[in-house]
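Colleague: Before I use this model, I would like to go through the terms attached to it and see what each of them rests on.

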Amino acid sequence: MLTSVVSTVVAAAAGRKIKEVGLRVGARSGVVAEALEASWPIARAETACQEANLVITEVPAAVWCPSCEQEQPIDEFFALTCPVCDTPTADLRHGKEFEIAYVDVDTQD
Ligand SMILES: [Zn+2]
């Protein structure tokens with residue numbers, strides 16, 4: 001998973017050195033931030049990312065509530081009901097993200 005992030009980032013940087021990679025990881029994406037951080041030094045080794053920091057932003061889970069007519073954050077892992085009015089909803093709008101948020105490249109050279 002991180003290997004594909006690294007290859008995407010390296011391709012986007014087009015030969016420039018990468019200083020920092022930001023990832024957005026949803027609370028229900030099945031991806032554990034600590035595991036990503038642990039495998040980052042291996043994934044980045046011997047690539048243009050080898051000196052890059054990995055910055056992970058966790059995206060909280062949120063459902064669309066048809067009664068409130070707005071997104072509501074959900075804390076409990078398996079709950080799919082609106083925390084405000086208890087309306088059941090399976091419309092998960094956030095929390096499944098696994099995406100590159102930004103890439104910082106070294107523009108000095
Ligand atoms: Zn609601």
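Colleague: In which sense do strand 3 and strand 4 pair, and over how many bridges?

Modeller: Strand 3 (residues 62–65) and strand 4 pair in the antiparallel sense over four bridges, and the definition calls two strands paired if DSSP finds at least two bridges between them, strands being DSSP runs of E of at least two residues and helices runs of H or I of at least four, both numbered from the N terminus. One of the bridges has C65 with Q70 in strand 4 as its partner. This is a predicted model, in which local features need pLDDT of at least 70 and side-chain atom pairs count only at pLDDT 80 or more, while totals for chains, interfaces and linings use all residues. Residues are numbered from 1 along each chain as its sequence is written, and side-chain values use heavy atoms, with hydrogens and water left out.

Colleague: What joins strand 3 to strand 5?

Modeller: Two bridges join these antiparallel strands, and the pairing rule asks for at least two. In strand 5, H94 is the bridge partner of A62.

Colleague: What makes the sheet an open one, and which strands stand at its edges?

Modeller: The three strands are arranged in the order 4-3-5, with antiparallel pairing, and form an open sheet. Strand 4 (70–73) and strand 5 (92–94) each have a single partner strand, so one side of each is left without a neighbour in the sheet. Neighbouring strands are turned by 45 degrees against each other on average, direction ignored, where the axes are lines fitted to C-alpha atoms and angles run from 0 to 180 degrees between N-to-C directions.

Colleague: How many disulfides does the rule give?

Modeller: The count comes to zero, a disulfide being a pair of cysteine sulfur atoms within 2.5 Å.

Colleague: How do you know that the buried residues of helix 1 line one face?

Modeller: The buried residues of helix 1 are L2, V5, V6, V9 and A13. Seen down the helix axis, they fall within an arc of 95 degrees, so they line one face, the arc being that of the directions from the axis to the C-beta atoms. The face turned away from this buried side carries the exposed residues T3 and A11.

Colleague: Why does V9 count as buried, and what does V9 touch?

Modeller: V9, which is found in helix 1, has a relative accessible area of 1% and is therefore buried. Leaving aside residues up to four places away in sequence, V9 touches I18, V21, C49, I100 and V103, contact meaning heavy atoms within 4.5 Å.

Colleague: What span should helix 2 have, and which of its residues are buried?

Modeller: The expected span is 1.5 Å times one less than the number of residues; for the twelve residues of helix 2 this should be 16 Å, and its end C-alpha atoms are 16 Å apart, which agrees. A33, L36, W40 and A43 are buried in helix 2. Their arc of 85 degrees, seen down the axis, is why they are said to line one face of the helix. These buried residues pack against helix 1, strand 1, strand 2 (53–59) and strand 6, while E34, A38 and I42 are exposed on the face turned away.

Conventions:
Buried means under 20% relative accessible area, exposed over 50%, partly exposed in between (1.4 Å probe, protein chains only).
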